[in-house]
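Here is my note on the charged side-chain pairs. Please read it next to the sequence and the model.

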Amino acid sequence: MNSSIFLKPDALVEGQYVTLGDLFSGIDPQQADIAVAHAPQPGKQTILDYRWLYGIAQRHNVSWRPRTTADQVLVTRASQVITIDEIRDAIEDALKDQGVQTPFIVDLSSENLQIHLPVDALNNVDISALDINSRTQRFVASVTTGARTAQQRTYRISGKYYPLSSVPVLVEPISRGSVVRPDQVEYRNFRSERVPSGAIRDINDVIGKEIIRPTNPNEPLMFRDFTNPILVRRGSLVTIRLVTANMSLTARGKALENGSLGDVIRVINQSSNNTIQVEVVAENEVRALPAMSQ
């Protein structure tokens with residue numbers, strides 16, 4: 001026996017065949033490229049046990065014999081991987097080409113699928129066929145890899161697409177009574193069927209509003225959870241302005257009720273002690289309504 005010949009416990013092969021050089025070290029270089037077995041499929045493994053290895057060694061005059069029955073070689077076929085994300089992207093593009101309106105997301109029935117290709121194969125992904133049921137939003141896609149080559153394979157993958165709606169959400173917890181700032185809200189996409197009826201769609205309907213019920217961040221917002229902030233509170237002193245084409249007057253007054261921007265409320269004009277109706281225009285500032293001013 002040649003003591004310089006050793007068994008390789010692990011073999012990583014790229015081609016279609018396992019060679020003597022994949023299994024043994026120290027052999028004659030002219031023997032190293034002799035194919036002795038088919039390699040497993042790309043990304044797969046197979047175990048060659050001591051009996052098989054000893055038979056191959058004898059057949060090719062390799063001076064090796066098993067030391068124990070545990071001698072074996074784990075053969076792994078190298079591969080390039082097409083991930084489920086790449087497959088999903090290709091299907092999404094095909095759905096768009098077929099007229100499915102964006103935005104949408106795709107849910108595949110085989111979320112753990114990986115396609116292993118030989119290392120020398122083209123790694124392109126083609127959607128060779130696509131059947132869509134627009135009523136149920138379900139589809140079946142024929143996903144082809146290695147098109148027009150000896151490694152061409154086609155896989156049938158089913159799934160469903162879900163239209164998305166872009167709605168504003170809070171990006172952080174905000175306490176009750178706080179007024180929402182522009183940096184505290186942004187748009188997020190949700191599956192349309194999961195957006196509640198009555199949800200706020202325009203971010204401008206949130207910014208500057210006062211929160212009246214606790215609201216979770218990153219969830220659709222409801223009109224019932226917000227109100228216009230109180231700019232004038234009952235009992236507070238306010239500046240009353242009366243502006244016409246010919247004059248501009250100011251007076252001090254006392255609010256008889258709360259008011260938000262644009263609300264019409266009653267105040268007491270401290271100069272005349274009369275109750276008048278005014279429109280809230282800013283914090284503690286109101287505009288006298290000409291027809292009702294005194």
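1. Start with Asp225 and Arg213. They form a salt bridge (a side-chain nitrogen of Lys or Arg within 4 Å of a carboxyl oxygen of Asp or Glu), with their closest N and O atoms 3.9 Å apart. Both residues sit in the loop between β15 (210-211) and β16 (226-227), twelve residues apart. Strands here are DSSP runs of E, at least two residues; helices are runs of H or I, at least four; both are numbered from the N terminus.

2. Asp225 is buried at 9% relative accessibility, while Arg213 is partly exposed at 40%. Buried means under 20% relative accessible area, exposed over 50%, and partly exposed in between (1.4 Å probe, protein chains only).

3. A note on the basis. This is a predicted model: local features need pLDDT of at least 70, side-chain atom pairs count only at pLDDT 80 or more, and totals for chains, interfaces and linings use all residues. Residues are numbered from 1 along each chain as its sequence is written, and side-chain values use heavy atoms, leaving out hydrogens and water.

4. Next, Glu111 and Arg88. Their closest N and O atoms are 2.4 Å apart in a salt bridge. Glu111 lies in the loop between β9 (104-108) and β10 (115-117), and Arg88 in helix α3 (residues 84-97), so the pair ties together parts 23 residues apart in sequence. Glu111 is partly exposed at 31%; Arg88 is buried at 14%. Asp85 joins Arg88 and Glu111 in a salt-bridge network.

5. Arg181 pairs with Glu172 in a salt bridge, closest N and O atoms 3.9 Å apart. Arg181 is partly exposed at 42%, and Glu172 is partly exposed at 29%.

6. The count comes to ten salt bridges.
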